[in-house]
Amino acid sequence: MQRALITGITGQDGLYLGELLLSKGYEVYGLIRGQNNPKREMVEATLPGVKLIQGDLTDFASLLRALEIAQPDEVYNLGAISFVAYSWDNPLVTTDITGKGVVNLLEAIRIYSGDDPRKVRYYQASTSEMFGRVQEVPQRETTLLWPRSPYGVAKVFGHYMTINYRESYGMHASSGILFNHESPRRGYEFVTRKITNAVARIKLGLQDDISLGNLDSKRDWGFAGDYVRGMWQMLQQPEPDDYVLATGETHSIREFLDLAFKHVGIEDWAPYVKQDPRFMRPAEVDLLLGDPAKAEKKLGWTREVEFPELVSMMVDNDLRIQSALR
Ligand code: NAP
Ligand code: G4F
């Protein structure tokens with residue numbers, strides 16, 4: 001039986017990846033932080049049989065201990081401060097967790113692996129945010145990185161550290177450069193979920209309007225369930241490498257609003273949407289558009305959910321949740 005350790009198991013991707021690995025017969029271990037993490041019960045209910053281990057990416061000793069308990073064949077490092085806006089207010093903790101946490105984990109794996117650098121296969125959750133002020137359209141594995149936020153900078157550090165451990169020690173360490181991926185499990189702080197939740201509440205008469213920041217930025221949005229499959233596929237390759245996962249389509253926040261409001265029968269969303277400078281960013285990533293050709297060719301990665309279906313799925317889920325709360 002294959003064994004996997006997932007950091008960030010309480011997050012959107014951790015839950016989908018946990019489900020995928022359990023369905024493949026893996027023994028799944030998850031790192032969970034904090035002395036009484038409120039998401040523990042939800043994780044145990046969503047992932048029956050998962051084994052949770054206390055630990056924190058900033059605590060090297062806890063990572064070594066987690067490896068000794070889990071004895072994993074594969075480690076997926078999904079844990080991070082992942083909200084870009086938060087990273088400007090909290091750059092040091094973002095650096096410690098999202099950046100330095102990567103080298104803590106890689107170093108723990110290197111020590112745990114002894115004289116066999118390929119004992120554990122490692123996945124790093126890199127991101128399209130690393131492209132920032134994009135130097136090429138579409139962005140691919142070879143595009144120059146130009147991060148625009150403390151989060152992006154911390155992820156670039158983790159990305160290069162992963163490549164460095166691969167090249168220096170011969171570790172099976174791969175990075176997935178994933179473009180935005182969303183789902184009904186997306187955190188409410190991210191723009192897609194903030195919109196679908198508000199649209200549901202407006203439709204049900206529970207809320208009058210929604211305040212947003214920049215409506216003109218464009219993102220390459222896919223479905224998280226499709227992307228975790230790609231993570232797993234990367235670690236099944238004989239050789240480690242870096243891969244972009246993206247849809248190859250880009251849409252503005254305005255287009256997301258169009259589809260979300262249309263889904264509940266509202267054609268003109270202008271009366272419901274306010275712009276609030278509080279949600280504008282000090283430096284914006286204006287356009288993300290990925291080229292997934294390498295992943296499609298080498299991994300055979302495919303995606304099943306298209307953009308309109310993703311938006312409808314998220315709005316329907318929030319309609320269900322908000323109706324039940326009424
Ligand atoms: P998410 O929902 O925000 O989950 C983040 C996870 O990190 C949570 O489980 C969180 O645990 C954990 N975490 C935070 N601080 C930690 C620490 N000090 N030690 C250990 N774990 C910690 O993020 P996601 O959307 O699933 O994304 C997964 C990963 O992919 C992240 O690294 C993100 O940066 C990256 N990524 C995401 C996207 C995307 O579009 N979703 C795209 C590219 C890359 P708590 O619940 O305890 O806070
Ligand atoms: O949903 P967002 O917060 O996602 P962002 O910044 O693109 O980051 C997400 O995707 C990255 C991959 O590219 C991940 F690495 C990262 O962890 C995270 O999952 O914002 C998307 C866009 C931005 O341009 C933002 O300025 O939406 C714009 N926006 C406009 N109004 C807003 C709002 N974003 C948020 N969160 N809230 C608003 O009110």
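**Note on a predicted model with two ligands**

1. In this predicted model, an oxygen atom of ligand 1 sits 2.5 Å from a side-chain N or O atom of Thr10. This is a polar contact (a pair of N or O atoms within 3.5 Å; within protein, one must be able to donate a hydrogen and the other to accept it, and residues adjacent in sequence count only if both atoms are side-chain atoms). His181 uses a backbone N or O atom, which is 2.9 Å from an oxygen atom of ligand 1. Arg186 has a side-chain N or O atom 3.2 Å from a nitrogen atom of ligand 1. On its own, ligand 1 has 900 Å² of accessible area, and the protein covers 91% of that. Accessible areas are from the Shrake-Rupley method with a 1.4 Å probe; for residues, only the protein chains shown count as cover.

2. As for conventions, residues are numbered from 1 along each chain as its sequence is written, while chains are lettered from A and ligands numbered from 1 in the order in which they are written. Because the model is predicted, local features need pLDDT of at least 70 and side-chain atom pairs count only at pLDDT 80 or more, with totals for chains, interfaces and linings using all residues, and side-chain values use heavy atoms, with hydrogens and water left out.

3. Which residues are closest to ligand 1? They are Thr10, Arg33, Lys39, Ser82 and Tyr151, out of 26 that surround ligand 1. A residue is near a molecule or strand if one of its heavy atoms lies within 4 Å of it. Helix 1 (12–23), strand 5 (121–127) and helix 6 each give two or more residues to this shell, and strand 5 has the largest share, with three residues. Helices (H or I, at least four residues) and strands (E, at least two) are DSSP runs, numbered from the N terminus.

4. Around ligand 2 there are 23 residues, and Ser82, Thr127, Ser128, Arg281 and Glu284 come nearest. Ser128 places a polar side-chain atom 2.6 Å from an oxygen atom of ligand 2. For Asn180, a side-chain N or O atom is 2.7 Å from an oxygen atom of ligand 2. Val191 has a backbone N or O atom 2.9 Å from an oxygen atom of ligand 2. Taken alone, ligand 2 exposes 720 Å², of which the protein buries 96%.

5. The shell around ligand 2 takes at least three residues from each of domain 1 (3–181 + 221–245) and domain 2 (187–219 + 250–286 + 305–325). These bounds come from an automatic or database domain assignment.

6. The model has 10 aromatic pairs (rings of Phe, Tyr and Trp, its six-membered ring, with centres within 6.5 Å; planes under 30 degrees apart are stacked, over 60 edge-to-face and the rest tilted). Phe83 and Phe190 form an edge-to-face pair, 5.4 Å centre to centre with 75° between the planes. Phe83 is in the loop between strand 4 (74–77) and helix 4 (84–89), and Phe190 is in the loop between strand 7 (181–182) and helix 7 (191–203), so the pair ties together parts 107 residues apart in sequence.

7. Some backbone details remain. The peptide bond from Val137 to Pro138 is cis, with omega near -5°, and Pro138 lies in the loop between strand 5 and helix 6. Gly170, which follows helix 6, has a positive phi near 75°. Gln71, a residue other than glycine, also has a positive phi, near 45°; Gln71 is in the loop between helix 3 (60–70) and strand 4.
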